[in-house]
Amino acid sequence: MTVNIDWENLGFEYHKLPFRYISYYKDGKWDQGQLTEDATLHLSEAAPSLHYGQQAFEGMKAYRTKDGSIQLFRPDRNAARLQDTADRLLMPQVSTEQFIDAAKQVVKANEDYVPPYGTGATLYLRPLLIGVGDIIGVKPADEYIFTIFAMPVGAYFRGGLKPTNFIVSEAYDRAAPHGTGAAKVGGNYAGSLLPGKKAKAIGYSDVIYLDPTTHTKIEEVGAANFFGITANNEFITPLSPSILPSITKYSLLEIAEKRLGMTVIEGDIPVADLDKFTEAGACGTAAVISPIGGIQYRDNLHVFYSEKEVGPVTRRLYDELVGIQFGDIEAPEGWIVKVE
Ligand code: PLP
Ligand code: COI
């Protein structure tokens with residue numbers, strides 16, 4: 001079947017596809033899960049996910065390769081991170097096997113919506129794990145829903161590889177010092193809506209969050225990790241217990257070191273010390289690599305490479321990462337899972 005979608009001009013928006021996967025956890029175990037055409041979740045008004053935020057999500061993509069096949073990028077890492085988030089919120093883990101099998105089923109069932117190779121678009125998968133059932137006390141649910149739905153998407157930050165500017169938030173933190181910043185829980189994102197809205201209203205793509213303890217070090221770029229490049233061929237990303245461990249970031253650390261011969265560092269990035277970076281970017285599944293033109297910090301707009309053009313190292317990182325994801329460049333062992 002051919003579907004009528006303008007693949008080249010897709011944004012990052014919800015699109016209701018024919019099929020999604022759903023599995024229920026009851027009496028201490030997951031059922032075997034199934035595909036369904038019902039895009040509405042049916043849950044109790046007392047579900048702990050609604051009241052107390054006992055829920056988690058993931059984000060991953062399926063890519064159409066040149067030969068027309070479809071592949072996932074490191075889905076085992078998403079499964080592992082969902083397991084870590086589940087542990088943090090006292091939810092039952094979904095096994096890596098069930099997770100990857102569910103992802104494959106959803107991609108396969110919605111195959112016509114996996115964007116064609118060469119359009120730059122991908123099929124975004126949204127795994128979701130929520131506590132349900134009749135619980136009103138502040139305690140974990142005893143029933144859960146695990147679902148994965150999907151939609152074709154384009155660029156998250158408009159402009160794709162065109163740099164955009166971000167503004168440092170001093171008024172708001174993304175996460176508490178020993179809170180849930182490293183877990184992929186919806187509450188982190190609810191709290192980011194207001195600072196994000198304020199940043200966008202004055203012309204920035206999103207907010208740069210500082211470390212919540214000292215407000216001196218860069219932590220996150222909205223819903224993506226930060227990286228900076230120095231003139232000494234270094235690739236530097238923040239090391240912090242309150243940022244989300246980005247699968248894209250860890251992939252870039254490996255690509256930068258092993259393929260681009262760069263020195264890679266996870267460490268502190270003082271916001272007062274941006275001069276040492278010749279380029280900077282945001283990275284994540286949705287963001288891919290989004291070059292950062294400049295960062296507004298107090299009265300100063302610090303421009304990295306250029307506000308208009310992507311820097312050469314960022315471009316090389318992008319080409320290598322995206323080349324691997326779309327199957328044009330050989331991937332490190334275990335990074336690609338074919339959907340057959
Ligand atoms: N940081 C935050 C807050 C995010 O929401 C995401 C998106 O998942 C990332 C970083 C990037 O993580 P990943 O590369 O695993 O998508
Ligand atoms: C992702 O990159 O998958 C994210 O989860 C970021 C955002 C769209 C919430």
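Glu58 is buried, at 0% relative accessibility. In this predicted model, that residue has a charged partner: Glu58 forms a salt bridge with Arg81, and their closest N and O atoms lie 2.7 Å apart. The pair links distant parts of the chain, with Glu58 in the loop between β4 (55-57) and β5 (60-64) and Arg81 in helix α2 (residues 75-88), 23 residues apart. Arg81 is buried as well, because its relative accessible area of 9% falls under 20%.

Let's look at the wider set.

| Salt bridge | Closest N and O atoms |
|---|---|
| Glu58 and Arg81 | 2.7 Å |
| Lys217 and Asp268 | 3.8 Å |
| Glu266 and Lys249 | 3.9 Å |

What does the bridge between Lys217 and Asp268 tie together? Lys217 lies in the loop between β10 (207-210) and β11 (218-221), and Asp268 in the loop between β14 (263-267) and β15 (277-284), so this pair joins parts 51 residues apart in sequence. Lys217 counts as partly exposed, at 25% relative accessibility. Asp268 is partly exposed too, with a relative accessible area of 49%.

Next comes Glu266, which forms a salt bridge with Lys249. Here again distant parts of the chain are linked: Glu266 sits in strand β14 and Lys249 in helix α6 (residues 247-259), 17 residues apart.

Conventions:
Residues are numbered from 1 along each chain as its sequence is written. Chains are lettered from A and ligands numbered from 1 in the order in which they are written. This is a predicted model: local features need pLDDT of at least 70, side-chain atom pairs count only at pLDDT 80 or more; totals for chains, interfaces and linings use all residues. Side-chain values use heavy atoms; hydrogens and water are left out. A salt bridge is a side-chain nitrogen of Lys or Arg within 4 Å of a carboxyl oxygen of Asp or Glu. Helices (H or I, at least four residues) and strands (E, at least two) are DSSP runs, numbered from the N terminus. Buried means under 20% relative accessible area, exposed over 50%, partly exposed in between (1.4 Å probe, protein chains only).
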